[in-house]
Amino acid sequence: LLLKRGEHLSLFTAPAALERDYDAVPESYEAVIDAVRQSSPCVILDLPHGWSPWIRASLQGADEIVVVATPDLTSLRNAKNLIEIIKNARPNDQAPRLVLNQVGQPKRPEIPAKDFAETMGLQPLAVVPYDPALFGQAANNGQMLPETAPKSAITDTMRRLSRTLTGREADAAP
């Protein structure tokens, strides 16, 4: 079920067919996630923006949660609400972490990272600049960022983020 993308990365992707509904009970998702956990030392779930029983169960069962937001008002509101829900549901766990994505997009009014962090009450674990050429090239070539641009600042940011989340080094700086 896993698509190997390198020595240390395998992907378990969503089905490609969109015409079918995949409205399974949360226990079905938990069973699949548990099966993947048994064969992988680290499992990262990229959950859709939404709120359903299986997403709630996945978040409540996670060892660590990272909320990715863009620096705009709508994303700030959504991220703040999600983080508050998670904190209330998991009062004894570490607070969710924050990653700011697509920072510096031209012609888009954005909230400065410092102000975003202050409002959230969280310092971003990483700040990822807007670079449609790099991400577009990687996507179109079916490559990971280190394959497309191994020496780019964004690749370095993603490496630091990965190392921090997997416990391989101290918290990354934004």
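Q: In which loop is Lys107 found?
A: The model is predicted. Phi of Lys107 is near 60°, a positive value in a residue other than glycine. Most residues other than glycine have a negative phi. Lys107 is found in the loop between S4 and H4.

Q: Is Lys107 buried or exposed?
A: A residue counts as exposed when its relative accessible area is over 50%. Lys107 has a relative accessibility of 88%, so Lys107 counts as exposed.

Q: Which strand holds Gln102, and how does Gln102 count by accessibility?
A: Gln102 is a residue other than glycine with a positive phi, near 60°. Gln102 lies in strand S4. The class between buried, under 20%, and exposed, over 50%, is partly exposed. At 31% relative accessibility, Gln102 in this class counts as partly exposed.

Q: How many of the 7 residues of strand S4 are buried?
A: Strand S4 covers residues 97-103. S4 is largely enclosed by the rest of the structure, because the number of its 7 residues that are buried is 5.

Q: Which residue of S4 stands opposite Ala69?
A: S3 and S4 run parallel and are joined by 4 bridges. In these strands, the bridge partner of Val67 is Leu98. The residue of S4 opposite Ala69 is Leu100.

Q: Which residues of S3 point to one face and are buried?
A: Side chains alternate along S3.

Q: Through which helix does the chain cross from S4 to S5?
A: Strand S5, residues 124-129, runs parallel to S4, and 4 bridges join the two. Within this pair, Val99 stands opposite Ala126 in S5. The β-α-β crossover from S4 to S5 is right-handed, and the chain makes it through H4.

Q: What is the hand of the crossover from S3 to S4?
A: S3 and S4 run parallel. The chain passes from S3 through H3 to S4, and this β-α-β crossover is right-handed.

Q: What distance separates the end C-alpha atoms of helix H3?
A: Helix H3 has 17 residues, 73-89. At 1.5 Å a residue, these should span 24 Å. The model agrees with this expectation, because the end C-alpha atoms are apart by 24 Å.

Q: What arc around the axis do the buried residues of H3 cover?
A: The buried residues of H3 are Ser75, Leu76, Ala79, Ile83 and Ile86. They lie on the same side of H3, because the arc they cover around the axis is only 105°.

Q: Which residues are exposed on the other side of H3?
A: What covers the buried residues of H3 includes helix H2 (53-61), strand S3 (66-69) and helix H4 (113-120). On the other side of H3, the exposed residues include Leu73 and Asn88.

Q: At the start of H3, a side-chain oxygen of Asp72 reaches to the backbone nitrogen of which residue?
A: A polar contact is a pair of N or O atoms within 3.5 Å. The oxygen of Asp72 comes to within 3.3 Å of a backbone nitrogen, and that nitrogen belongs to Thr74.

Q: How far apart in space are Pro53 and Glu27?
A: Pro53 lies in helix H2. With a relative accessible area of 52%, Pro53 is exposed. Pro53 and Glu27 are 26 residues apart in sequence, and in space, C-alpha to C-alpha, they are apart by 9.6 Å.

Note on methods
Residues are numbered from 1 along each chain as its sequence is written. This is a predicted model: local features need pLDDT of at least 70, side-chain atom pairs count only at pLDDT 80 or more; totals for chains, interfaces and linings use all residues. Side-chain values use heavy atoms; hydrogens and water are left out. The expected span of a helix is 1.5 Å times one less than its number of residues. Buried means under 20% relative accessible area, exposed over 50%, partly exposed in between (1.4 Å probe, protein chains only). The arc is that of the directions from the helix axis to the C-beta atoms. Contact means heavy atoms within 4.5 Å. A polar contact is a pair of N or O atoms within 3.5 Å; within protein, one must be able to donate a hydrogen and the other to accept it, and residues adjacent in sequence count only if both atoms are side-chain atoms. Two strands pair if DSSP finds at least two bridges between them. A crossover is right-handed if, with the strands pointing away from the viewer, the path from the first strand over the helix to the second runs clockwise.
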